[in-house]
Amino acid sequence: MMADLPGAVRVVIVGGGIIGCSVAYHLARLGWRDIVLLERKQLSCGTTWHAAGLVRSMLYTVNLTRLAQYTAELYLGLEAETGQATGYKRTGSVSIATNAERFEEILRGASMARAFSVAAEQITAAEAVARWPLLDAADVVGAVWFPQDGQTNPSDTCAALAKGARAYGARIIEGVKVTGMRRVGRRVTAVETPEGAIACEVVINCAGLWAREVGLQVGVNIPLHACEHFYVVTEPVPGLPANLPMLRDMDGGAYYKEDAGKLLVGGFELTAKPWGIDGIPEDFCFDQLPDDWDHFAPILEGATRRVPVLQRVGIRTFFNGPESFTPDQRYHLGPVPELDNYFVAAGFNSIGIQSAGGAGRALAEWVAAGEPPFDLWEVDVRRVMPHQGRKHYLVERVSEALGLLYAMHWPYRQYETARGIRTSPLHEALAARGACFGEVAGWERPNWYAPAGVAPRYRYSYGRQNWFSYCAAECRAAREAVALFDLSSFAKFDVSGPDAEALLQRLSANDIGGPHGRVVYTQWLNELGGIEADLTVSRLDADRFFVVTSSAQAVRDWGWINRHASSSRVALTDVTSAWAVIGIMGPGSRALLQELTAADLGPAAFPFATWQSIVLGPAAVRAVRISYVGELGWELYVPTEFARALLAAILAKGEAFGLRPAGFHALDSLRLEKGYRHWGHDITAEDSALGAGLGFACAFGKDIPFIGREALLAARAGRLSRRLVCFALEAPEPLLYRNEPIYRDGALVGLTTSGAYGHTLGRAVALGWVQNEGGVDPTFIAGGRFEIEIAGRRHPARASLRPFYDPTGARLRS
């Protein structure tokens, strides 16, 4: 039967799983009309129907926890609102730990959860057994009880969201496949189906397993791939309580939940099985994949030891179904960088049911308002790189990503698969010097250097990891002598043309005008005064500029400037691959570089925040006097074909000056001692530039007003109730990473945003946002007793609105 399709609507949602139905529900609830959801077969027939239905009140990060909280509250009242049964029940959950490191991990998570009013109680092994009587806790060292967790029936919950969406006016059409899209410029104008085209203003891709292919229809990159996911359901277990909490044994890779008098046992094996490599069958609908007992056996064998009753009851069902996974275990949400009216919500990595409510609401509000309701960078689809959408990369990476869901979430943990994709010209030379590489945006970057005779490989821990002392030596070199950093992964954009300056002045809070050779540190803001980008702009000529930003924000920032570049008199070119970048930092950097050039590098001839073209040893370079470590230094931009020769020349001369290669762990430690912000951790699109302490980089009086100016002027007229503050622990032993609660006089006032050990200061340092309705000023900071909670214990800390290291910046400008 031919579907009765509308000829034109405001919004087309592609995909009728729980995510698509949630987006439709929330968008219609906001009052949007002319919404149509197209489902290729039947609602929930892809992944939703066979999900385990776990609903957690806390996830791994602050903002994912906020979304999970909302999901749980939504499900609690959804049946009453819609009249459709959901099967939701709040049973609570127990997370157990069988070693000290895992216990610290879950206690750190519990500390963060409590900061958001998520109930999380540390309990003993005996108390865990009291709540989960089937548990063998002989090796359990501790646990956390989450009383607000629950479970739901995924298909019924999806049906309730669909019913609610229809009640608010959305239209849901099953049996209609989207086969293509029509595009004009940066906008989709219509979606195509076998029954005809539908003109639309907005497209939202919620196609789940098919989201990548739907994106490719119109040149949009959505990196995800299906993997097989397994669980078993037992025969009825005598006396099994209907309200039995969920149990998570992450060290065993397994989860357990009551299912109509039976136990459902699922798991995340360390090496997963990608599925659908050659494509998903056209007729796929509520399909189950073949059993693979051998593959699931290690999980099941561990489960029989953890829950001995499994040795006595039979298995009624072995289930294997596909779920989509992304390269970094974080789902994809938000507007895509390639188009102006195309959004995505897909790739939920086995947390789709517990994320659906929050993700659906957040995306609906994003579509309606043009901005996210709060910072969602960690799941923003604009974080992904073009190479990550390639099948070869995806198949290898998702094989690892699934297993990491329950693996230890170590600080600094690195992926082991799909590596070596992007390397700088200096890679081999630095590897020969002991570099241990980490990956960001596909780039292989030195994180630390192992001395001779030591393998450059991580040994992970929540304490001091094996590279701690090596990083300390690298930091000392930067503070006392000279350190060399490979910064080639920076994203670099050429912006030229008669309207280039006008465009950049409109985007940049700072004044990027002025003479040739000027380098300007600036932010790009949104209309609310939130920080969309944090970067530098160098003036190369009257109508040519050079923009440098972080590698992780490359796609996002490129999309932002393209979105605002409406003039045909501006040319934008991504020149990232054309330039290698060598950072030479430290008090001895001028003397070292002077050995290689006839150019005068003295402070008068080469002042801070300027650039010059100079010949340095064998290469002509663009030398930029700027630093992210707080010391005298230069970033040397060199054409890639000359980079190796320049590196060799610097290393040869550097021995006499105590030069030491240094990695990004050292860079992070040094910048935190100096209070330098990191976009994505310390500052985001929801953070005010004034609260972030970046008012000095806002040129309110320039001729072309910057985006966000009015919002900042309004904020400047009142008190700053939320500010970014520097912290240093009083004791030298504890370590800070991120998301640790901050207390002032016993009251919760914020969370850390990034942390590391400050080797110069001899203690852990961090940045964190502090909230106080009466204002956060020097008096408020000086008048309180601050503590930072780590894994349930509070540690005294010093707080300051100024950096602890060189607060005046004298060393930087020396």
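How far is the sulfur of Cys 698 from the closest cysteine sulfur, and in which residue is that sulfur? Point 2 has the answer; first, a word on the model.

1. **What you are looking at.** This is a predicted model, in which local features need pLDDT of at least 70 and side-chain atom pairs count only at pLDDT 80 or more, while totals for chains, interfaces and linings use all residues. Residues are numbered from 1 along each chain as its sequence is written, and side-chain values use heavy atoms, with hydrogens and water left out.

2. **Cysteines.** The closest cysteine sulfur to that of Cys 698 belongs to Cys 726 and is 18 Å away, too far for a bond. The structure holds zero disulfides. Cys 698 counts as buried because its relative accessibility is 9%, and Cys 471 counts as buried at 2%. (Buried means under 20% relative accessible area, exposed over 50%, and partly exposed in between, with a 1.4 Å probe and protein chains only.)

3. **Helix α9.** Next, have a look at residues 391–401, which form helix α9. Helices here are DSSP runs of H or I with at least four residues, strands are runs of E with at least two, and both are numbered from the N terminus. Eight of the 11 residues of α9 are buried, so the helix is mostly covered. Among the buried ones are Tyr 393, Leu 394, Arg 397 and Glu 400. The buried residues of α9 pack against α6 (211–216), β13, β17 (315–325) and β20 (435–440).

4. Contact means heavy atoms within 4.5 Å. Not counting residues up to four places away in sequence, His 225 touches a list of residues including Lys 391, Leu 394, Val 395 and Val 398, as well as Glu 323, Ser 324 and Phe 325. The His 225 side chain also reaches the backbone oxygen of Trp 275 at 3.5 Å. A polar contact is a pair of N or O atoms within 3.5 Å; within protein, one must be able to donate a hydrogen and the other to accept it, and residues adjacent in sequence count only if both atoms are side-chain atoms.

5. **Asp 292 and Lys 273.** Asp 292 sits in the loop between β16 (262–267) and α7 (293–306). With a relative accessible area of 18%, Asp 292 is buried. Its side chain makes a polar contact of 2.6 Å with the side chain of Lys 273. Neighbours within four places in sequence aside, Asp 292 is in contact with Phe 230, Lys 273 and Phe 318.

6. **Two threonines in loops.** Thr 576 lies in the loop between β27 (571–574) and β28 (579–585) and is buried at 6% relative accessible area. Its side chain is joined to that of Asp 574 by a polar contact of 2.7 Å. Beyond four places in sequence, Thr 576 is in contact with Trp 443, Phe 490, Ala 491 and Lys 492. Thr 61 is in the loop between β3 (54–55) and α2 (62–82) and is buried at 16%. A polar atom of the Thr 61 side chain lies 3.4 Å from the backbone nitrogen of Leu 64. Leaving aside neighbours within four places in sequence, Thr 61 is in contact with Met 112, Glu 378 and Asn 739.

7. **Positive phi angles.** Asp 34 is not a glycine, although its phi is positive, at about 60°. Asp 34 lies in the loop between α1 (18–29) and β2 (35–39) and is exposed, with a relative accessible area of 51%. Asn 349 is likewise not a glycine and has a positive phi of about 50°. Its place is in the loop between β19 (342–346) and α8 (352–369), where Asn 349 is buried at 1%.

Notes. A disulfide is a pair of cysteine sulfur atoms within 2.5 Å.
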